[in-house]
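Good morning, and thank you for coming. Please look at the sequence and the structure with me, and we shall then go through a few places in turn.

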Amino acid sequence: MVTTLFQSGADGACLVVLERGAVRSYALGAQALWTIGRRTPEHAPDISFDSPIVSREQGEFFASGGQWFYCDGGSRNGTFYNDVKIWAGYRVKSKPVPLSSGDVLRVDRRDASLADPRGVWMYFSAAPIRGVWRYYPLAGRTSTVIGRDAARCDIVQPLAYISGQHARIVARDGQFWLSDCGSKAGTWLNGRPLRKETCLGEKDHICLCDCHFIFADGGLIYNDRGQPSPREQGGDPRQGDVMLRADIRSKKVRDLNGHGEKELIRDVTLEIRSGELIALLGGSGAGKSTLMNCLNGTERSGVEGTVSFRGEDLYKNYDRLKCLVGNVPQQNVLNETLSVEQELRYAAKLRLPGDMSRDDIQRQVDKTLEVLDLQAKRKSPIRKLSGGEQKRVNIGVELVADRELLCLDEPDAGLDPHAKKELFTTLQHLAHERGKCVLAIIHDVSEIDMFDQIVMMVKVHEVGRLAFAGSPAEGRRRFQVTNLTEVYDLVQKEPEKYIVG
Ligand SMILES: Nc1ncnc2c1ncn2[C@@H]1O[C@H](COP(=O)(O)OP(=O)(O)OP(=O)(O)O)[C@@H](O)[C@H]1O
Ligand SMILES: [Mg+2]
């Protein structure tokens, strides 16, 4: 559902807790306040530890206005928040710190680089973390490889954007060293891209795209993406988790005519879930393309505000997360002399990890042809395809890389009503059956009920503003129309009246 930001923003947050090699995770949304502390016969905090260095009232997590905070409860040892100690005094509550995905909280007596066997560790994520958390012991192994290829890896993450062999940890001189195996998507260590082999320190955080690993207690704690979490397994893809959350206060560009700045869009807050097909509507120049490029991260400069992708700041982590986002431009980017299959094979080679085998690439191509209903055309030269078929191949170029979020700028331009409907059926299938999030800028609303949500932009005093976000049925109620085409005229006449936020 597209909702205004922070009405339900706090519900998906999760906390992963580590104590003596044992991992637990908590869905924080179940309650607004969680106490943490040492368990005693008389005292049972919501998140409890056995460690003697944790105080009985160590601290608390609480949600306020859709944002999660942590404050130290006046503990003996204080709490490290991303390696900065927060402590206001014994039995004095600290000032709350706002939490965002990737924040690490520790109770530790030692410096962060040393293992304190009594230390406890907590990892916050604003969105549910996919997969199941596991512990993989490294002790006794000289080399451990993480990657997609089950035959060549010890820890397997079967995701298209993960390289066959992606990262390696070797044991040397009693320590563990991490290196990237020349992967396409890269390896990140504590938020920074890994450039050379690096010695791992206790509680280091390793990321391969959106797969998380924590080096702790002589092993790796990680979210096993080959195993869908109970939530992912049972759920209707249309009731998916929040994929994108945007709180854009303003997007400005340098004014090409003068020396000042030009504001293109203002105050857009949105929440978009996996499994949804979303139409981005509005008159010409209302800021649709600008908004879409802010949401997919291709236009990051001049944006005041935040866009998060599954709870992680998309702009700060763009290089790591960009492999999950596909942008399909309005103009087809196809080599018309190639056959459909050849085009998709080239696109796959360009976008997918370099060590993907021919068979694996072919599997991706076949899957894409099937999803786009293009099997019968696989050998046809692109120039001989209809406009609608070409549009589908254009989408396939991104889809072949298994993107999670697909952004399409006017994919229906130039298509007749029948081809348009077929294209929207394909997009609907991608969202509803494959759990993708599909965001498309469209002008013609004759098939609008095929979309789950609409986002409407309106130009007010030369600035793009949000006029509506919700389902087509809610849109009709809000604007009191039976046909949404009438909305264009309505908002054109009195644009100010419809501004949201
Ligand atoms: N780099 C830029 N510098 C100055 N103005 C810009 C720039 N990019 C976009 N604009 C202006 O911002 C406004 C919004 O542009 P945008 O392309 O987002 O509109 P749109 O809703 O996608 O329109 P259309 O339906 O015509 O594609 C327009 O008035 C456009 O001229
Ligand atoms: Mg546009």
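I begin with Glu 60, which touches Leu 33, Trp 34, Thr 35, Ile 36, Phe 69, Tyr 70, Cys 71 and Lys 93, leaving aside residues up to four places away in sequence. Please bear in mind that this is a predicted model. Glu 60 sits in strand S5, which covers residues 59–64. Is Glu 60 buried or exposed? Its relative accessible area is 17%, and because buried means under 20%, Glu 60 counts as buried.

Let us now consider the chain as a whole. The domain assignment divides the protein chain into domain 1 (1–129), domain 2 (136–231) and domain 3 (237–498). Between the C-alpha centres of domain 1 and domain 2 the distance is 25 Å.

My second residue is Ser 250, which belongs to strand S23, residues 242–254. Ser 250 has a relative accessibility of 5%, and is therefore classed as buried. Which residues does Ser 250 touch, not counting those up to four places away in sequence? They are Glu 263, Ile 265, Arg 266, Asp 267, Gly 302, Val 303 and Glu 304. With Glu 263, the contact is also a polar one between side chains, at 3.1 Å. By way of contrast, take Leu 28: this residue is 222 residues from Ser 250 along the chain, and their C-alpha atoms are separated by 30 Å.

Finally, I turn to ligand 1. Around ligand 1 there are 14 residues, and those that come nearest are Ser 284, Gly 285, Lys 288, Ser 289 and Thr 290. By type, the shell consists of 3 nonpolar, 7 polar and 4 charged residues. Strand S24 (261–273) and helix H2 (288–295) each provide at least two residues of this shell. H2 gives the largest share, with 3 residues.

How do individual atoms meet the ligand? An oxygen atom of ligand 1 lies 2.5 Å from an N or O atom in the side chain of Thr 290. For Gly 287, a polar backbone atom is 3.0 Å from an oxygen atom of ligand 1. In Lys 459, a polar side-chain atom is 3.2 Å from an oxygen atom of the ligand. On its own, ligand 1 has 640 Å² of accessible area, of which the protein covers 66%.

Thank you for your attention.

Methods:
Residues are numbered from 1 along each chain as its sequence is written. Chains are lettered from A and ligands numbered from 1 in the order in which they are written. This is a predicted model: local features need pLDDT of at least 70, side-chain atom pairs count only at pLDDT 80 or more; totals for chains, interfaces and linings use all residues. Side-chain values use heavy atoms; hydrogens and water are left out. A residue is near a molecule or strand if one of its heavy atoms lies within 4 Å of it. A polar contact is a pair of N or O atoms within 3.5 Å; within protein, one must be able to donate a hydrogen and the other to accept it, and residues adjacent in sequence count only if both atoms are side-chain atoms. Accessible areas come from the Shrake-Rupley method with a 1.4 Å probe; for residues, only the protein chains shown count as cover. Helices (H or I, at least four residues) and strands (E, at least two) are DSSP runs, numbered from the N terminus. Ala, Val, Leu, Ile, Met, Phe, Trp, Tyr, Cys and Pro count as nonpolar, Asp, Glu, Lys and Arg as charged, and the others, Gly among them, as polar. Buried means under 20% relative accessible area, exposed over 50%, partly exposed in between (1.4 Å probe, protein chains only). Contact means heavy atoms within 4.5 Å. Domain bounds come from an automatic or database domain assignment.
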